[in-house]
Amino acid sequence: MERLDVFLEYGEKLAAGGSLSKEEQNALFLALTESMSPGERQQLQQMMAFLGR
């Protein structure tokens, strides 16, 4: 339920034209990765490495 709250709160903030602090970005990223399957998580990690993040 906490992950859903993160998506809603930060999604509304971004939709309103706001930006996220580094801490908020990390919380959103963590919520996103926790909702992924292991295969999806691995693909995301590969993509992030490719992008230099």
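In this predicted model, the side chains of lysine 13 and glutamate 24 come together in a salt bridge, with 3.0 Å from N to O. A search through the whole structure turns up 1 salt bridge. The pair ties together distant parts of the chain: lysine 13 sits in helix α1 (residues 2-15), while glutamate 24 belongs to helix α2, 11 residues apart. What about exposure to the surroundings? Lysine 13 has a relative accessible area of 33%, so it counts as partly exposed, since that class lies between the 20% and 50% cut-offs. Glutamate 24, on the other hand, has 15% relative accessibility and therefore counts as buried.

Helix α2 (residues 22-34) also packs against helix α3 (residues 38-51), and here the angle is about 140°, with the two axes 10 Å apart. Roughly antiparallel would take an angle over 145 degrees, so α2 and α3 are described as oblique to each other. On the α2 side, the contact is made by Phe29, Thr33 and Glu34; on the α3 side, the partners are Arg41, Leu44 and Met48.

Conventions:
Residues are numbered from 1 along each chain as its sequence is written. This is a predicted model: local features need pLDDT of at least 70, side-chain atom pairs count only at pLDDT 80 or more; totals for chains, interfaces and linings use all residues. Side-chain values use heavy atoms; hydrogens and water are left out. Axes are lines fitted to C-alpha atoms, for helices over the stretch in contact, and angles run from 0 to 180 degrees between N-to-C directions. Helices (H or I, at least four residues) and strands (E, at least two) are DSSP runs, numbered from the N terminus. Angles under 35 degrees count as roughly parallel, over 145 as roughly antiparallel, 65 to 115 as roughly perpendicular and the rest as oblique. Contact means heavy atoms within 4.5 Å. A salt bridge is a side-chain nitrogen of Lys or Arg within 4 Å of a carboxyl oxygen of Asp or Glu. Buried means under 20% relative accessible area, exposed over 50%, partly exposed in between (1.4 Å probe, protein chains only).
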